[in-house]
Each structure stands twice: as structure tokens, then as C-alpha cells.
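Please consult the sequence and the structure shown here alongside the points below.

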There are 2 protein chains.
Amino acid sequence: METVAIVGVGLIGASFGLGLRKTGFRGEIIGVSSEKALAAGLACGAISSSATLAEAAQRADLIYLAQPVDRIMETIPKLAGQLRAGALVTDAGSTKEQIVACAQANLPAGSFLGGHPIAGKEQRGADAADSDLFCKRPYILTPGPGKEGAVSQTFRLTLRSLGAAVVEMSPQEHDATLALTSHLPQLISTALAATLYRDGNARVTEVFGPGLLDMTRLALSSPELWESILATNKNAVSEALEAFIKVLTELKETIGERELAHTFERSAEFAKVLRERRL
Amino acid sequence: METVAIVGVGLIGASFGLGLRKTGFRGEIIGVSSEKALAAGLACGAISSSATLAEAAQRADLIYLAQPVDRIMETIPKLAGQLRAGALVTDAGSTKEQIVACAQANLPAGSFLGGHPIAGKEQRGADAADSDLFCKRPYILTPGPGKEGAVSQTFRLTLRSLGAAVVEMSPQEHDATLALTSHLPQLISTALAATLYRDGNARVTEVFGPGLLDMTRLALSSPELWESILATNKNAVSEALEAFIKVLTELKETIGERELAHTFERSAEFAKVLRERRL
């Protein structure tokens, strides 16, 4: 692997670039992004040059798509017929089923490896890039059938040496699992904030504790990113929401009854398990 | 104010005792609690002696009820006919309407002042007590009609000198507001954890980020405390849950539509306002 292209030099793309350098990669890292993002990426050393997507595709052994989900699905068809022999395209999109299907429809067999780093920060952009962003975080890969090539092996080694915990699953399994652990919590946080401001009770912003701040932190997330995440995982997200509303309705109906305490106890146990499994 | 009784020497009660000492109070602080709690309270200096409830009532100018909501409502009737002239009973219960009604039915007019410190910690018990627990936190009081006496004035001064932001509202307003800012978030966090463990997807505990940890922190809360909080605020909590489910259903129906981004934007703005209003 001699040349890498990073498409979308934001927080994730630039952090991958910095991480790559940290693992000892000395080749060219071409950035494909907006002028502002390229300037920030060059300034922090996440990329070493910039090019158009077509130019980058002609030179890169590894193409890392670090754009929002909808943009990734616009980029993939543009790479059709443009890749070097043995080149690998991978992505960091938050949903996988539609992206992988898009890659299967447009790119040669074995040239695409779906990915999703479960990593992030409050700040966005290359200015906030961190070579340790993936350290001690799950990095999901959704490999297709068949043997993987040399670039794929190098890419996996890079992730491991950055301290990421590589987890493999199918695109379907990814989307069903993330619907529960990421997309549902996001919608809940946004809906909680909406419930409070719509109520019109002016004293709501006067009397609250740290619990409400925890529960509304995800509501600060960028709407642009979430629009395409939710739109590309609508079925699994809808199912998760329905299951959640069912539990909530049951809790409402058991207020004042013994059963409520049982659910509280089991939920507390599960919340503890999550903390134990934390990487 | 020469003698204070703290009924329930747990985290809140013992923190009030330590705070009282910090403000310069040199009188007796009588603890009424379990043997274990009394030992911990004496060890940390939150109380200076112990007594039965009846003995404490005969001697105390201020009686601070720091028990769970259901226990406070068991204690109040026992104080009927037991108070010294000019004595004040106040409480730190998480709901107010039923507690205040209980006090009105059992205690002389003007002898009860409902209270609720919006403060807490992960740890419980007098061992975790902190004289600064109420500092920079809202402390809600629900004063009744009529002029307040000398003990009430001293109590308010004590809260202010501990750095608490004293907020006044009616018991009804308290319960309606806390249903939104505390009871609803608690039920949501518990229901989210329940949805995840009931789904049975084993990979849920493998791939999650800090967002899920935030959203399930409240689910770690003690079931015993919450049983009586929810039972004594059932109507307001049910209304808040219904409003929340309505918003969530609307979000589900607008996935993939423009309207979803608008709700995300407004919710993000509200989440920012909460952070600006934080004390």
C-alpha cells in the first residue's frame, strides 16, 4: 500500500490520516474534500496532497470514504471503472446495508469493504482530528464473501495497531444492532428535548439535574448527519422505536405496581453490563 | 434555632447536617435513622446525637425529613401533636403534592415547608455525604400561605449560604415540572435499557459508544426510591409519557422527510439552552 486517498477530510477522515502516519505509513495521503477541509487536513498533517476524486482514484491503493451516508452513496458510483487493479475502497458510514448494496452494484467484486468506526467527538472537522480517535473503540467491518487482498490485510492491521477493536458482522446485522445502540438513543434524546420545549412549562429550564443533561446530550447532534443515517435504516429504526414505545407504555401502566420495580432492577443490571463491556 | 433533627441520615440528610455545621451552626443535630446510618452520620460529624422520632420531635426547632417519599408520608402523621411551639418541619422528598397534603392534614398551619434539593450522587448513604452537595444546585421550596416564622427564615438563610439556588413553586407546579425534567428522563432511560435487553440481540453489548452510556446512566438508579416517586406523581408522569410517545411517533413517521431535520434543529437549540441555564 503506497498511496491512500481520504474522501471527506472531516473529523473521521483526518483522524484516520493522522492514525495512518502514526502507524508508520510514509506514502502519499491524498485528500478529496472542500477547500476549507483540505486546508485544515494539510495543516494538521492528516493529508499530504489534494486532488479531484477521479485523480485520486487513479493513484490510490486504498480509498477511505469518510463522508456522511448520503454523500458516500453519491461517491461510490463515480468510482465505477476508475479503480487501480488491487485497490480497495472502504467507508466509515454509519449505516451499512444500502452502502454495501450500492458498492456491489457499482464496483468490482472484492474491491469494497464496508466499515464503521464507533468513534466521535463533540467537535467536527479536521481541526479536531486525533490520531487516537479509534483507540479502544469498536471498528465494525462488514466483509463480503471471498478472499481479501493485500490492501485489505494492511488496512485491518492499521486499524488494530491504532488500538481499535475490529468487530465483524453482516451489513444487516450492523444496521439492526446500531438501530438499538445508536439510532434509537439518538431519536429518544431528540424527542425528549422536543417534549420539554413543546410543553411550554417555563420552569423546566429552572429545575433540572445532571440526569437531564445526560439524556439531552445526543440531541445536540448534527441534523444533517442524522437525516441520511435514519433514512437508510428506516425499517430497523422503526422496529426499535415500536419496541421501545411498547416498553414505555407497559411502564406507564405498571406505575404503583410491583412489576415496575422488576423492570427497574433488570434495566439497572443491563446498564451495569454495558459498563463492564466498555472497552 | 438551637436544635435540629435529621430524620433519615442518608446521603441527603447527612449532607444537610454537614452543611449546617459548615454555616456555623453549633447546636445539637439529632439523627433519627437506622443504627447503621446513625453510626455513619456520627462518624462523619453530620449528626451529634441520636434519638427516637418522638424524643427528637420534643426537642427540635427544625425537623428535616430526608427519607424516601413513602417513608416521609409515614413519618408526618407520627409528628402530629408532638412538635414544640414554633418548630418547623421540612422535607427533601422528590414529589410534593401528596407530601404537602399529608402535612396539611396532620400538622399545625405554618409548621411545614415542603422542599426538594435537586442534588444527588451515584453513591448513597452518609458515607458519601458532602457539605457542598447543594452548592450551585436548585433547591425547591413550596411555601404555603401566611407569614413564615423565625426557624423558616433561618432555614432559608442556611440553604442560601450553602450556595443553593432557592426556587419557589406550588406543589402542583413542582410535580408537573419534575415529571418532565426528572421522572420522564428516568422512565425513558429504564425503558431504553429494557428494550435492548429484551431484544435479545447479543451484539448490542459489543458495539456501542458513549451516547448509549449517557442514555442508560439513570437506569442504574435505585428501584426502591423510584417506586414511590412515580406512584405519588402518577398523573403528571402519565401525561408527560403520553406527550413524549406522541413526539416519538411523529419522528418515526417523518424519517426521510424534511420535517425531521426541523425537529432535530429545535431540539438541539433547546439542549443548548439547558446547558446555558445550568447553574
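Two strands pair if DSSP finds at least two bridges between them; strands (E, at least two residues) and helices (H or I, at least four) are DSSP runs, numbered from the N terminus. On that basis, chain B holds an open sheet of 8 strands with mixed pairing. This is a predicted model, in which local features need pLDDT of at least 70, side-chain atom pairs count only at pLDDT 80 or more, and totals for chains, interfaces and linings use all residues. Residues are numbered from 1 along each chain as its sequence is written, chains are lettered from A and ligands numbered from 1 in the order in which they are written, and side-chain values use heavy atoms, leaving out hydrogens and water.

**Sheet of chain B**
- The strand order is β3-β2-β1-β4-β5-β6-β7-β8.
- At the edges, β3 (49-50) and β8 (165-168) of chain B each pair on one side only.
- β6 (residues 112-117) and β7 (residues 138-142) of chain B are antiparallel partners over 4 bridges; His116(B) has Ile140(B) of β7(B) as its bridge partner.

- Helix α10 (residues 234-253) of chain A and helix α7 (residues 171-199) of chain B have axes that come within 9 Å and cross at roughly 125 degrees.
- Axes are lines fitted to C-alpha atoms, for helices over the stretch in contact (heavy atoms within 4.5 Å), and angles run from 0 to 180 degrees between N-to-C directions.
- Residues making the contact include Phe244(A) and Leu248(A) of α10(A), and Leu187(B) and Arg198(B) of α7(B).
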